[in-house]
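Please look at the sequence and the structure shown here before reading on. The report after them goes through a few places in turn.

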There are 2 protein chains.
Amino acid sequence: MPSKTNNSFKGIKAQKNPAKGAVILKAAENIFAQKGFHEATISDIAKNAEVSEATIYEYFSSKEELLFSIPAETIHQYQEKNLEILEYIQGAANKLRFLIYRHLKLYASNPDYANVVMLILKGNRNFLKTEAYKIVQRSARNTTQVLEEGIQNGEFKPNLNPYLVRAIIWGTIEHLVTRKSLFGKPHDLLGFADDIVNTIFSGILMPQKEPTINVNVRMKS
Amino acid sequence: MPSKTNNSFKGIKAQKNPAKGAVILKAAENIFAQKGFHEATISDIAKNAEVSEATIYEYFSSKEELLFSIPAETIHQYQEKNLEILEYIQGAANKLRFLIYRHLKLYASNPDYANVVMLILKGNRNFLKTEAYKIVQRSARNTTQVLEEGIQNGEFKPNLNPYLVRAIIWGTIEHLVTRKSLFGKPHDLLGFADDIVNTIFSGILMPQKEPTINVNVRMKS
């Protein structure tokens with residue numbers, strides 16, 4: 001439930017005209033995805049949003065603030081919905097499956113957003129200092145909590161390293177989404193969801209052969 | 001063996017003074033890692049390499065060509081050595097373990113290189129058009145071949161998707177190395193090698209309980 005998130009994030013809701021703020025943000029996402037951050041100009045974004053450059057500066061103080069506001073809005077909504085749905089899912093394995101699917105869906109349904117996050121934001125050190133990045137971190141904690149839950153309730157192996165498993169899951173998704181942003185493939189990101197879950201869950205090695213069972217039955221004479 | 005690689009890459013060996021080319025490349029790697037690509041200047045690199053700016057342009061036509069030459073040299077040497085060693089390793093699982101370890105070691109021993117690759121090159125579309133990128137692709141094929149070998153010889157599960165398993169392995173490594181470049185941790189990248197291998201190989205779910213075995217022994221009366 002939203003009340004549980006204890007989340008002070010205001011984002012574009014705090015602006016005098018939130019709808020216009022959202023239009024500008026969507027236009028910026030689109031221009032950054034097409035041109036990259038350094039090549040994109042505020043003039044490009046103004047044209048795309050059908051507002052004046054001066055209007056953009058009423059809402060965002062710089063090109064970089066615009067860039068950093070893109071994931072803030074999206075991740076905030078994504079995170080709220082995750083918490084809402086997680087309450088209704090039983091078992092850590094099922095919750096993990098849900099989070100993997102949701103994460104892939106976020107990028108699959110928003111290719112411009114995927115592009116901005118994977119090709120521009122991931123290498124930006126300044127982003128790490130922002131309020132927006134704190135929302136990303138909060139969302140990362142969901143995965144860790146689910147992994148810890150699964151270790152505690154015996155669904156996952158007791159010696160599992162939650163930090164590493166999260167790196168495996170997020171790394172795999174980021175790798176596939178980056179390739180899609182750069183090469184346009186894999187085309188069907190969501191089609192990988194089950195395969196990712198099954199491969200990580202079951203490991204890739206053939207199971208060891210069942211040991212031979214010797215049954216010694218002593219006959220009474 | 002090098003003769004097997006059928007590799008026409010010349011790199012800085014083709015330059016009139018390869019040692020000087022290598023010094024310039026190392027200086028560029030260092031400056032790009034510190035400042036990022038857009039903020040770094042040829043003047044910074046010239047100072048760091050202790051040569052004139054004119055000398056740099058004798059060896060590399062632009063700042064971008066310098067950037068793209070960094071992975072070309074490193075990955076070429078890395079790939080040659082991989083092929084040399086792979087010949088002596090038996091079994092696909094062992095070969096995969098070696099490739100994971102080598103990949104981590106490449107980044108762990110070269111933090112500037114890791115920084116340039118993860119924070120600058122990964123989002124650069126122009127890099128995909130270069131000769132250097134072809135060497136990266138050749139190196140990626142090693143992993144796929146090892147995975148296919150393991151599926152064929154029964155070490156790996158027959159329904160495994162080599163493309164996805166490669167994405168899991170590379171994605172995990174890239175995720176950890178990116179975090180190390182951005183946050184300075186995890187500190188000990190190589191310490192993750194065994195854990196990555198074991199977690200991916202064995203899956204994360206608890207194995208199903210052994211089925212109860214009913215042994216019916218008929219006693220001769």
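The report below describes how two chains meet, how they are related, and what is found at some single residues.

## Basis of the model

This is a predicted model, in which local features need pLDDT of at least 70 and side-chain atom pairs count only at pLDDT 80 or more, while totals for chains, interfaces and linings use all residues. Residues are numbered from 1 along each chain as its sequence is written, chains are lettered from A and ligands numbered from 1 in the order in which they are written, and side-chain values use heavy atoms, with hydrogens and water left out.

## Where the chains meet

The size of an interface is often given as the accessible area lost when the parts come together. Between them, chain A and chain B bury about 4700 Å² (the accessible area, with a 1.4 Å probe, that two parts lose on being put together, summed over both), and 65% of this lies on carbon and sulfur atoms. In chain A, the residues that lose the most area to chain B are R125(A), K157(A) and I204(A), which together make up 15% of what that side buries. The contact, meaning heavy atoms within 4.5 Å, takes 54 residues from chain A and 54 residues from chain B.

There are 21 residue pairs in polar contact between chain A and chain B, both residues being at pLDDT 80 or more; a polar contact is a pair of N or O atoms within 3.5 Å, where within protein one must be able to donate a hydrogen and the other to accept it, and residues adjacent in sequence count only if both atoms are side-chain atoms. Zero salt bridges are found across this interface, a salt bridge being a side-chain nitrogen of Lys or Arg within 4 Å of a carboxyl oxygen of Asp or Glu. On the side of chain A that touches chain B, the largest share, 17 residues, comes from helix 8 of chain A; helices here are DSSP runs (H or I, at least four residues), numbered from the N terminus.

## How the copies are related

A rotation of 180 degrees, with 0.0 Å of shift along its axis, superposes chain A on chain B with an RMSD of 0.0 Å, and the two copies are thus related as by a two-fold rotation axis. The superposition is by least squares on the C-alpha atoms of residues with pLDDT of at least 70 in both copies. Of the residues of chain A, G203(A) comes closest to the rotation axis, with its C-alpha at 1.8 Å. Because 100% of the interface residues of chain A are also interface residues in chain B, the copies meet through the same surface.

## Two threonines

T199(A) is placed in helix 9 (residues 193-202) of chain A and counts as buried at 10% relative accessibility, where buried means under 20% relative accessible area, exposed over 50%, and partly exposed in between (1.4 Å probe, protein chains only). The side chain of T199(A) reaches the backbone oxygen of D195(A) at 2.6 Å. Leaving aside neighbours within four places in sequence, T199(A) is in contact with I204(A), L160(B), L164(B), V165(B) and I168(B).

T55(A), found in helix 3 (residues 53-59) of chain A, is buried at 13% relative accessibility. Its side chain makes a polar contact with the side chain of S52(A) at 2.8 Å.

## Backbone details

Most residues other than glycine have a negative phi, and most peptide bonds are trans. The peptide bond from K185(A) to P186(A), however, is cis, with omega near 10 degrees, and P186(A) lies in the loop between helix 8 and helix 9 of chain A. E50(A) has a positive phi, near 55 degrees, and is exposed, with a relative accessible area of 74%.
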